[in-house]
Each structure stands twice: as C-alpha cells, then as structure tokens.
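Hi,

Here is the structure I promised to pass on. Please have a look, and then read my notes below.

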Amino acid sequence: YQKFSKTDYFFKKREHIMFVGGFGHSPNIDAVIWLIEEIMPKVRKNNLSCKVFIVGSNTPETVLNYAKKNIDIVVLGRVSDKELDNLYKTCKLAVAPLRFGAGVKGKVVEALYNGIPLVTTSVGAEGLEDVEQVVKIANTSTEFSQCIVDVYTNHTLSVQLSKESSEYCKKYFSSQYACKCIIEKGFDMLETGI
C-alpha cells in the first residue's frame with residue numbers, strides 16, 4: 001500500500017454492505033454464516049433495508065443457499081480488481097465479523113486503505129495498533145448489528161470513520177512507516193547483538 005489517493009466518501013451516494021474474504025479459509029465461512037443468520041436479522045428489525053454483497057472465491061454451497069433464500073444477500077464470488085474497487089467506492093460500509101483466526105487481517109487493512117467505514121470484531125482488529133479509534137468493534141450479534149445501523153444511518157459518523165481510516169492506513173502502512181520501523185529495529189538489533 002505505497003500509493004495513496006484521496007478517498008471521497010459521499011454518504012448519500014452510497015448504499016449496501018460488503019464482505020470480502022476467500023472461502024478456502026474457514027474463519028470467513030463462519031463470519032458470513034454468523035452475519036447472515038444472527039446479525040442481519042437484527043439489522044432488519046431496525047428497518048434498515050440494504051443488500052449484503054459477499055465477495056470471495058470458493059464460495060461454499062451453504063453460503064450460496066442463503067443467497068437463494070434471501071434477496072438482500074448477493075453472493076458475487078470472485079470478482080475482478082475493477083469490480084472490487086467499484087464496490088469499495090459505492091458501498092456504505094464493510095464488515096468483517098470474524099470470530100476466530102490469527103494475525104493482521106488483509107480484509108481489514110484493505111477496507112482501511114479504501115477509506116470505507118468498517119465494523120469488525122476484536123479478532124478482526126488483532127495486531128493493528130490503536131485501530132479501535134478508526135473502526136467500530138463489536139463481539140456479539142446484538143452489538144455488531146447496532147454498530148452496522150449506527151454507521152449506516154449516521155452521515156457524520158460515516159464520513160469521520162472514512163477519513164480516519166484512510167489516515168490510519170497512511171500512518172501505519174506507508175513505505176515511510178516501513179522504513180522507519182526497519183531503521184528503528186535495525187538499531188535495536190545492533191544494540192542487543194541480535
């Protein structure tokens with residue numbers, strides 16, 4: 001993520017929710033099933049009408065079946081970079097309802113990079129310093145659904161999260177930051193003899 005372009009987040013021109021993740025990875029399957037079965041029904045009880053676009057290769061039959069039963073669940077499967085970029089520019093928010101997994105999540109960093117407001121879990125936020133200041137974090141279906149509703153319906157909050165997530169990504173995922181870390185760690189290694 002070395003090249004950063006200005007991200008314009010026009011709240012009124014955006015709609016719908018997006019999830020990105022390859023389904024060869026079991027945490028993504030669990031996340032989507034939890035999103036569809038437990039989170040989105042609570043979102044709909046708040047009279048929020050929106051589609052959920054699910055992006056990712058190797059979509060399992062269980063997820064495809066949800067799309068057949070719910071007109072607001074749209075399984076796109078694997079998409080081109082251009083199509084994915086368009087989703088990041090037109091959807092109102094991204095979700096990463098991960099309940100297990102390890103390390104920094106690419107889908108979280110990608111959402112930050114694209115300046116789209118994000119709702120995730122503590123697992124989704126793992127390894128990212130101070131990220132709770134720029135994303136909404138919720139660990140129960142009730143909390144997660146309320147965060148979706150709050151971000152989706154609040155113009156000021158959405159624009160703020162968009163701006164802050166872009167700035168966060170520039171701060172922690174720029175080539176300048178990487179060079180600074182290498183220089184600092186390099187000196188630490190010399191001092192400790194490692």
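First, a term: two strands count as a pair if DSSP finds at least two bridges between them, where strands (E, at least two residues) and helices (H or I, at least four) are DSSP runs numbered from the N terminus. This is a predicted model, so local features need pLDDT of at least 70 and side-chain atom pairs count only at pLDDT 80 or more, while totals for chains, interfaces and linings use all residues. Residues are numbered from 1 along each chain as its sequence is written, and side-chain values use heavy atoms, leaving out hydrogens and water.

Now the sheet. Strands E4 (residues 93-96) and E5 (residues 118-120) run parallel and are joined by three bridges; Ala 96 stands opposite Thr 120 in E5. The whole sheet is open, with six strands in the order E3-E2-E1-E4-E5-E6 and parallel pairing. E3 (73-77) and E6 (136-137) each have a single partner strand, so one side of each lacks a neighbour in the sheet.

Next, helix H1. Its 19 residues (26-44) should span 27 Å, and the end C-alpha atoms are 26 Å apart, which agrees (expected span: 1.5 Å times one less than the number of residues).

Finally, the core. The largest nonpolar core has 56 residues, and Ile 17, Met 18, Ile 54, Val 95 and Ile 148 have the most contacts inside it. Such a core is a set of buried Ala, Val, Leu, Ile, Met, Phe, Trp, Tyr and Cys residues joined through side-chain atoms within 4.5 Å; buried means under 20% relative accessible area (1.4 Å probe, protein chains only). H1 gives this core its largest share, eight residues.

Best wishes

Notes. Buried < 20%, exposed > 50% of the residue type's maximum accessible area, 1.4 Å probe, protein only.
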